[in-house]
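Thanks for asking me to take a look at this one.

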Amino acid sequence: MTRDAMMARLEGHAGLWDIVVIGGGATGAGVAVDAASRGYSVALLEQSDFGKGTSSRSTKLVHGGVRYLAQGDVGLVMGALRERAALRANAPHLVRPLPFVVPSYAWWETPYYGTGLKLYSLLAGRQSFGASTILSRDQALARIPTLRTDGLLGGVTYYDGQFDDARLVVNLVQTASAHGGVALNYVRVAGLTIGPSGMVDGVVVQDVESGREIRVAARAVINATGPFTDGVRRLAVPDAPPLMAPSQGIHLVFDRSFLPGSSGMMVPRTRDGRVMFAIPWHGHTLVGTTDTPVREIALEPRPLEEEIAFVLETAASYFERAPARADVLSTFAGIRPLVARGDIRNTSSLSRDHTICVEASRLVTITGGKWTTYRRMAQDAVDAAAASAGLPQRACVTRTLRIHGWDPEAEQHGVLAVYGSDAAHIEDIQAREAGMKEALHGGACSAAAVAWAVRAEMARTVEDVLARRCRVLFLDAAAARRIAPRVAEILARELGRDAAWQQRQIDEFTSLADQYLSTAAQKA
Ligand SMILES: Cc1cc2nc3c(=O)[nH]c(=O)nc-3n(C[C@H](O)[C@H](O)[C@H](O)COP(=O)(O)OP(=O)(O)OC[C@H]3O[C@@H](n4cnc5c(N)ncnc54)[C@H](O)[C@@H]3O)c2cc1C
């Protein structure tokens with residue numbers, strides 16, 4: 001899967017595409033997989049890198065949403081639990097069950113949360129990831145030895161799913177490609193073309209790398225641009241009223257010592273009435289998130305000072321050793337593409353269910369939802385597009401469709417387990433090519449993994465490699481900054497770029513990595 005080959009397929013396609021998808025996040029990549037596996041011709045167009053938007057910035061949970069159960073949205077929870085089970089079956093190399101501890105510091109918490117979490121486990125039925133049980137104080141501490149001991153009474157444990165979000169986007173793109181779909185990164189949809197009947201009949205694309213303009217004609221166009229949804233809708237109808245009520249959430253990443261066991265922690269009710277998680281992820285501790293309504297939609301949103309302070313303050317009241325600003329290894333923000341309903345000043349009460357909107361121009365917009373439900377969202381979007389464009393009806397097959405990398409024995413590849421069946425290719429590069437064993441960060445980010453990212457995963461920049469193919473930028477921004485020159489060197493060799501390109505890549509990545517560092521860490 002190389003970009004040049006994809007571009008040739010895009011431009012060489014004879015006639016109309018059945019479906020063009022705008023946006024290469026979870027939703028768009030899911031739509032491309034769904035459409036391609038039904039046998040429709042489909043082209044997926046992403047303005048930046050696959051997963052650059054919200055889909056690489058989640059809490060990395062494949063979950064029914066305990067919080068929505070508390071809100072009484074049983075249907076939403078059950079639907080998501082079904083998707084959780086399907087995703088684990090279809091991408092076992094990326095999704096694993098994770099036990100969570102809900103610590104109790106008040107007498108009523110264990111019976112209250114114990115009942116709710118028992119119900120949550122029961123709702124999953126045979127697809128449960130594990131039973132919920134009540135924990136004594138000692139059992140809670142055995143699972144999370146770093147819990148604040150003062151006032152700790154015990155807790156409740158339950159199971160949910162955990163995954164690597166950016167790697168799943170790449171694997172979805174590879175799956176779509178394997179089923180005949182075309183997917184391109186760094187192509188921005190700058191306009192929609194309107195036919196004589198007033199219907200959208202294609203897109204105008206700008207190749208971000210060359211500046212070239214390309215016209216792509218289609219029977220159906222699906223807008224899957226997450227927080228950018230309204231901007232794309234307004235390419236067809238400039239005064240379209242807003243559909244979105246976007247909300248920002250941030251995460252802080254610390255080293256493993258804050259959460260040394262194999263359990264995550266869930267705080268069911270923070271000071272602002274939200275849920276907060278602390279999760280072991282790729283040998284680090286991920287803590288978040290927040291829910292801050294935003295007006296500006298940026299591809300690289302910045303965490304607000306008050307959000308960082310809030311996460312630190314909440315973490316401090318649950319950990320024996322309060323994490324400090326200087327402990328933060330990386331900070332990242334993402335924007336939830338929530339659908340506006342009711343009071344948009346309070347985004348945490350907005351539904352995480354998805355919305356499909358077929359405009360009078362026949363542009364199909366799919367938005368809202370969450371990562372966990374991307375497959376169901378894609379199915380509904382393709383059904384809607386096929387119906388409105390009069391495509392021949394074909395049944396969705398993704399419920400049991402294996403995702404690229406599928407390997408239930410992936411754990412045998414150790415740090416390369418997230419690559420699933422592709423781990424063997426990386427091991428092969430390490431064994432056959434000189435210098436490719438070189439470890440850049442931990443075992444997972446090696447020279448071979450960088451080469452593989454270019455050769456098979458369409459990585460184009462240092463950021464693509466360090467933010468989304470390997471996750472170093474999200475785990476430890478200072479370490480990512482340190483290895484950027486070596487990554488740029490390997491990329492330049494693989495892509496045939498000159499020294500000036502290499503230097504520009506290092507400069508651009510360094511200033512990005514600075515944003516992911518906390519101010520305290522930058523001074524250190
Ligand atoms: C802080 C946070 C934590 C979350 N945690 C979880 C979780 O743990 N579990 C869960 O299930 N869900 C979670 N979610 C929700 C989930 O991450 C999102 O619902 C999902 O990622 C949205 O995917 P998307 O594809 O719709 O949007 P995006 O990932 O933002 O993708 C949209 C894409 O469209 C592209 N685009 C925009 N305009 C154009 C254009 N003109 N031309 C071409 N491309 C364009 C963008 O570059 C972008 O890549 C979380 C969300 C946030 C913010």
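The points below start with the model itself, then turn to the ligand and the cavities.

1. This is a predicted model, in which local features need pLDDT of at least 70, side-chain atom pairs count only at pLDDT 80 or more, and totals for chains, interfaces and linings use all residues. Residues are numbered from 1 along each chain as its sequence is written, and side-chain values use heavy atoms, with hydrogens and water left out.

2. The ligand is surrounded by 38 residues (a heavy atom within 4 Å). Thr27, Glu46, Ser55, Leu61 and Thr372 are the closest. By class, this shell holds 13 nonpolar, 19 polar and 6 charged residues, with Gly counted as polar.

3. For polar contacts (N or O pairs within 3.5 Å), look at Glu46, where a side-chain N or O atom is 2.7 Å from a ligand oxygen. Of the 1,000 Å² of accessible area that the ligand has on its own, the protein covers 96% (Shrake-Rupley, 1.4 Å probe).

4. Among the elements, α2 (26–38), β8 (187–194), β11 (247–255) and β16 (330–336) each give at least two residues to the ligand shell.

5. The whole structure has 5 cavities of 30 Å³ or more (on a 1 Å grid over protein atoms alone, points where a 1.4 Å probe fits but cannot get out).

Note on methods: A polar contact is a pair of N or O atoms within 3.5 Å; within protein, one must be able to donate a hydrogen and the other to accept it, and residues adjacent in sequence count only if both atoms are side-chain atoms. Helices (H or I, at least four residues) and strands (E, at least two) are DSSP runs, numbered from the N terminus. On a 1 Å grid over the protein atoms alone, a cavity is a set of points where a 1.4 Å probe fits but cannot get out, and a pocket is an open set with protein on both sides within 12 Å along at least five of seven lines; lining residues have an atom within 4 Å of a point. Grid points are joined across faces, edges and corners, and a volume is the space filled by probe spheres set on the points.
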